[in-house]
Amino acid sequence: MSQPDPLDPTWMRRALALARGVLYITSPNPRVGCVIVRDGQVLGEGATQPPGGPHAEIVALRDAAARGHSVAGATFYVTLEPCSHFGRTPPCADALVAAQPARVVIAMGDPNPKVNGRGIERLSKAGIAVHVGLCQEEALELNPGFASRMHRGTPWTWLKLAASLDGRSALHNGMSQWITGPEARADGHHWRARSCVVLTGMGTVLADDPQLNVREVATPRQPRKAVVDARFALPENARLIDGAEVLVFTVRSDPAKAERLARRNVHTILMPAQQPHRVDLPGMMRWLGEHDVNEVHVEAGAGLSGALLSAHCVDELLVYLAPTLLGDAAGMVRMPMIDHLDAARRFEFIDFTRVGSDARLRARVAASWQSLVQGLAGETR
């Protein structure tokens with residue numbers, strides 16, 4: 001069997017960089033990069049295109065052909081197990097078998113039950129040496145939502161918060177624009193752009209009349225918008241109703257209003273009430289997973305933010321801290337009082353980055369991440 005090459009991590013990180021370059025466009029498909037190498041020379045490379053377009057392996061094969069290279073005997077570095085089923089495109093595993101490489105190095109197995117090791121098996125049966133797991137968590141960082149949807153049936157959800165150093169997100173009169181600087185706001189739009197859905201609550205719609213779209217970074221694809229609106233009070237002149245798709249999760253039926261909004265691309269999802277006038281938030285996440293939503297970006301007020309946290313619907317916190325103190329003002333989230341520290345919601349820090357004059361903290365629920373990592377271990381058995 002072919003042995004690992006000391007340069008394998010270098011080439012795999014090049015493939016990961018290619019996948020990072022299509023972060024905004026592949027949803028609901030995963031972001032994947034592929035690099036084909038022989039004798040230290042790149043023969044071809046590419047990344048997955050928008051839905052219906054070619055996957056990374058096919059883009060790389062076409063690139064190699066355009067350069068006039070044969071790829072027989074080469075090594076393919078691909079950030080996700082090649083697919084083995086017919087979807088909108090033929091199986092990539094078959095294309096790789098036909099290309100006759102010596103080795104295929106894969107960062108992570110595909111958690112899609114339609115693949116789930118079958119691509120690896122097909123390559124191995126064709127006599128191709130397969131190595132799996134190189135830079136696995138780096139690859140997972142690019143596709144936590146896809147893995148989450150396949151394993152848990154729900155999206156990967158992060159909650160964006162902006163606050164002062166003393167954890168205040170708005171003055172008592174409701175003023176909150178702007179606590180952080182323009183660089184932090186632009187960075188927040190990057191996270192909007194990579195998501196499938198930007199979610200807010202009715203309180204934010206009434207207070208701020210947000211557009212919920214991506215404006216600060218260039219993207220060819222806008223995420224869908226969603227509103228938790230238990231009483232179905234969405235103003236029909238709200239700025240977020242601009243022709244792009246909007247999802248409204250409610251527990252109040254108003255067929256006439258729903259029909260008017262449907263003509264403007266606003267889709268009403270009637271949910272069971274968890275409590276009177278409360279949307280079943282875990283049920284909403286399951287609905288989103290069933291409808292091919294990989295990643296949810298939440299920008300909401302303290303009430304919905306706290307409710308999502310209390311319902312265990314948040315996997316990651318994206319917190320922008322401004323170097324200022326606001327004193328006795330509104331907090332970031334509103335959650336029930338606890339009497340013991342054992343009951344606290346706990347996260348682990350995974351990143352600290354300075355953004356302009358502000359700081360961005362990322363913290364995730366350790367168990368959420370480990371469940372994805374452990375699921376991948378099953379795929380690469």
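Start by selecting residues 33–38 and 75–78: these are strands E1 and E3, and they run antiparallel to each other, joined by 4 bridges. For a landmark in that pairing, pick Ile 36 and look across to Phe 76 in E3, its bridge partner. Keep in mind as you go that this is a predicted model.

Now widen the selection to the whole sheet. E1 and E3 belong to an open sheet of 5 strands, ordered E2-E1-E3-E4-E5, and the pairing is mixed. Which strands stand at the edges? Colour 41–47 (E2) and 129–132 (E5): each has a single partner strand, so one side of each has no neighbour in the sheet. Step from strand to strand and you'll follow a twist that averages 15 degrees each time.

Next stop, the annotated residues. Select Ser 176, Arg 192, Leu 212, Arg 215 and Glu 299, which an unreviewed UniProt entry annotates as "binding site".

Zoom in on Arg 192, in helix H7 (residues 182–194). Buried or exposed? With a relative accessible area of 7%, Arg 192 is buried. Show what surrounds it: beyond its neighbours within four places in sequence, Arg 192 is in contact with Val 198, Leu 212, Asn 213, Val 214, Arg 215, Pro 223, His 297 and Glu 299. That list includes Leu 212, Arg 215 and Glu 299, which carry the "binding site" annotation in the UniProt record as well. Draw a distance from the side chain of Arg 192 to the backbone oxygen of Asn 213, and a polar atom of that side chain sits 2.5 Å away.

Slide over to Leu 212, in the loop between helix H8 (202–208) and strand E9 (224–228). Leu 212 is buried too, at 2% relative accessible area. Setting aside residues up to four places away in sequence, Leu 212 touches Arg 192, Val 198, Thr 200, Lys 225, Ala 226 and Leu 240.

Time for some rings: the structure holds 3 aromatic pairs. Trp 156 is buried at 0% relative accessibility, and Trp 369 is buried at 3%.

Stay on E6 and pick Trp 158 together with Trp 191. Their ring centres are 5.3 Å apart and the planes meet at 80 degrees, so this pair is edge-to-face. Here strand E6 is tied to helix H7, across 33 residues of sequence. Both of these tryptophans, Trp 158 and Trp 191, are buried.

Last stop: Asp 280, in the loop between strand E13 (278–279) and helix H10 (281–290). Asp 280 counts as buried at 14% relative accessibility. Where does its side chain reach? Follow it to the backbone nitrogen of Gly 283, at 3.1 Å. Leaving out neighbours within four places in sequence, the contacts of Asp 280 are Met 271, Pro 272, Gln 274 and Arg 286.

Conventions: Residues are numbered from 1 along each chain as its sequence is written. This is a predicted model: local features need pLDDT of at least 70, side-chain atom pairs count only at pLDDT 80 or more; totals for chains, interfaces and linings use all residues. Side-chain values use heavy atoms; hydrogens and water are left out. Two strands pair if DSSP finds at least two bridges between them. Helices (H or I, at least four residues) and strands (E, at least two) are DSSP runs, numbered from the N terminus. Axes are lines fitted to C-alpha atoms, for helices over the stretch in contact, and angles run from 0 to 180 degrees between N-to-C directions. UniProt positions are given in the numbering used here, feature names are shortened, and annotations may be inferred rather than shown by experiment. Buried means under 20% relative accessible area, exposed over 50%, partly exposed in between (1.4 Å probe, protein chains only). Contact means heavy atoms within 4.5 Å. A polar contact is a pair of N or O atoms within 3.5 Å; within protein, one must be able to donate a hydrogen and the other to accept it, and residues adjacent in sequence count only if both atoms are side-chain atoms. Rings of Phe, Tyr and Trp (its six-membered ring) pair if their centres lie within 6.5 Å; planes under 30 degrees apart count as stacked, over 60 as edge-to-face and the rest as tilted.
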